[in-house]
Amino acid sequence: MMARLVRAAQDPIGPLAPTRITLTVDGEPVEGVLGQTLAGVMLSADTVAWRSTSFRDKPRGAFCGIGVCFDCLVVVNGQRDVRACQRRAAPGDVVEFHRDMPLSTPEERP
Ligand code: FES
């Protein structure tokens, strides 16, 4: 099997032009592209930490990027404990950082 280059103009899939979206991250408007995860949008905006540990207040952001470590938790539209690396950004999403907030209990989770 050989690798081959398919130029964008000849790509049979015909990728569409990216759709820009705007969401609010920690009170500031941030632009992203439809299809990006929240972590992708925040990393694109040079935000690398959006949570702090309950022990010693250490900064955390995306670590594994595949939904395993839970280091990337944010509050999205009022819903706590959302993994930013697993949630696709939607236009108008309001993302708040997980500061001074203990993890929710199983009873509090949707
Ligand atoms: S970065 Fe590990 S769960 Fe999101």
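Okay, let's start at a detail: V76 stands opposite Q79, and Q79 sits in β6. Before I go on, this is a predicted model, so local features need pLDDT of at least 70 and side-chain atom pairs count only at pLDDT 80 or more, while totals for chains, interfaces and linings use all residues. Numbering runs from 1 along each chain as its sequence is written, and side-chain values use heavy atoms, with hydrogens and water left out.

Back to that pair of strands. β5 covers residues 73–76, β6 covers residues 79–83, and they pair in the antiparallel sense over three bridges. Pairing here takes at least two bridges found by DSSP. Strands are DSSP E runs of at least two residues, helices are H or I runs of at least four, and both are numbered from the N terminus. The two strands make a hairpin with two residues between them, and N77 in the turn has a positive phi of about 50 degrees. G78 is in that β5–β6 loop too. So, is G78 buried or exposed? It's exposed, with a relative accessible area of 57%; the cut-offs are under 20% for buried, over 50% for exposed and partly exposed in between, using a 1.4 Å probe and protein chains only. G78 and V95 are 17 residues apart along the chain, and their C-alpha atoms are separated by 8.2 Å.

Now the core. The largest nonpolar core has 18 residues, and L23, L38, M42, W50, V74 and A84 have the most contacts inside it. Such a core is a set of buried Ala, Val, Leu, Ile, Met, Phe, Trp, Tyr and Cys residues joined through side-chain atoms within 4.5 Å. β1 (20–25), α1 (38–44) and β5 each supply at least two of its residues, and α1 gives the most, with four.

Skipping neighbours within four places in sequence, its contacts include L38, M42, W50, A84 and V95. Contact means heavy atoms within 4.5 Å.

Zooming out, what pattern does the protein follow along the sequence? It reads β-β-α-β-β-β-β-β. The radius of gyration is 17 Å, well over the 13 Å that the globule rule gives for 110 residues, so the protein is more spread out than a compact globule. That radius is taken over C-alpha atoms, and the rule is 2.2 Å times the number of residues to the power 0.38. The C-alpha atoms fill a box of roughly 50 × 35 × 30 Å along the principal axes. And 28% of the 110 residues count as buried.
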